[in-house]
Amino acid sequence: MVLDVQALTKVFPGGAKAVDAASFTVGEGALLALVGESGCGKTTTLKMINRLLEPTAGTVSFRGEDVAGLDPVHLRRRMGWVMQGDGLFPHFTVAENIAVTPRLAGWDAERTRERIRALLELVQLDPSEFENRYPAELSGGQRQRVGLARALAAEPPLLLMDEPFGALDPITRDSLREDVQALRARLGFAAVMVTHDMAEALLLADQIAVMRAGRIIQLGTPSELLSDPADPYVETLLATPRREAERVAALSAQA
């Protein structure tokens, strides 16, 4: 088991409960999607996993260790982080951005250089063309690929992704989704992904946790949610991808 989250709760000053007793597990190589509307607690949950936010109650175990007893900075070096908008350092080259975590982890220069080139190839960017460029010289899709490479730089067993494809055009978004799946199959890392897009969750995730008002109201596989939505809100989230699939099928039948 890579991640075990039990009764995780976050109450902000003033009494607002952002997350209410969220529980889930993520196995080796699996992807869990946290789905729900804005403000439902998805990103707060994600940030408590790597202690960017401290929980009010509950536990997070990472590979059998309670993260509350770990140094938060060292913990974050063991977990990859991919965010919407890439989060690259603008004054660092592509290579320097990817090298940040390996250097902090004490890797030597040769090992770091080899890892940079290997990761750029994995995310389909030619090292000779891209490693000395700056983020401003890249397209949105290229920046997100560099962000993904940076998150994977120190070979983390777990990737945390916060709306990683939300700001991209549909073609680039679809291409990057496929790349993430291919990389996960090849490298074997687990992932927790925050998204408001149920179709994205259905296509990518092994497990989906639907959140509403801070609580997980249904947790299951994509097929389980599709066959037996446990709440009207889950049915509402599923309605759009179902309707779109039906319309595409109808158009295909007419072609």
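Thr93 counts as buried, because its relative accessibility is 9%, under the 20% limit. The structure is a predicted model.

**Thr93**
- The loop between β6 (79-83) and α3 (94-104) holds Thr93.
- Beyond its neighbours within four places in sequence, Thr93 is in contact with Glu131, Asn132, Arg133 and Tyr134.

- Most residues other than glycine have a negative phi.
- Ala7, in strand β1 (residues 3-11), has a positive phi near 50°.
- Ala7 counts as partly exposed, because its relative accessibility is 35%, which falls between the limits of 20% and 50%.
- Glu155 is likewise not a glycine, and its phi is positive at about 55°.
- Glu155 is placed in the loop between α6 (140-151) and β7 (158-162).
- With a relative accessibility of 48%, Glu155 also counts as partly exposed.

**Nonpolar cores**
- The largest nonpolar core comprises 45 residues.
- Within this core, the residues with the most contacts are Ile98, Leu148, Leu159, Met161, Met198, Ile208 and Val210.
- Ile208, one of the residues with the most contacts inside the largest core, touches Ala33, Val35, Met198, Ala201, Leu202, Gln218, Leu219, Gly220, Pro222 and Leu225, with residues up to four places away in sequence not counted.

How values were computed: Residues numbered from 1 in each chain as written. Predicted model: local features only at pLDDT ≥ 70, side-chain atom pairs only at ≥ 80, totals over all residues. Heavy atoms only, no water. Helix = DSSP H or I, 4+ residues; strand = E, 2+ residues; numbered from the N terminus. Buried < 20%, exposed > 50% of the residue type's maximum accessible area, 1.4 Å probe, protein only. Contact = heavy atoms within 4.5 Å. Core = buried A, V, L, I, M, F, W, Y, C linked by side-chain atoms within 4.5 Å.
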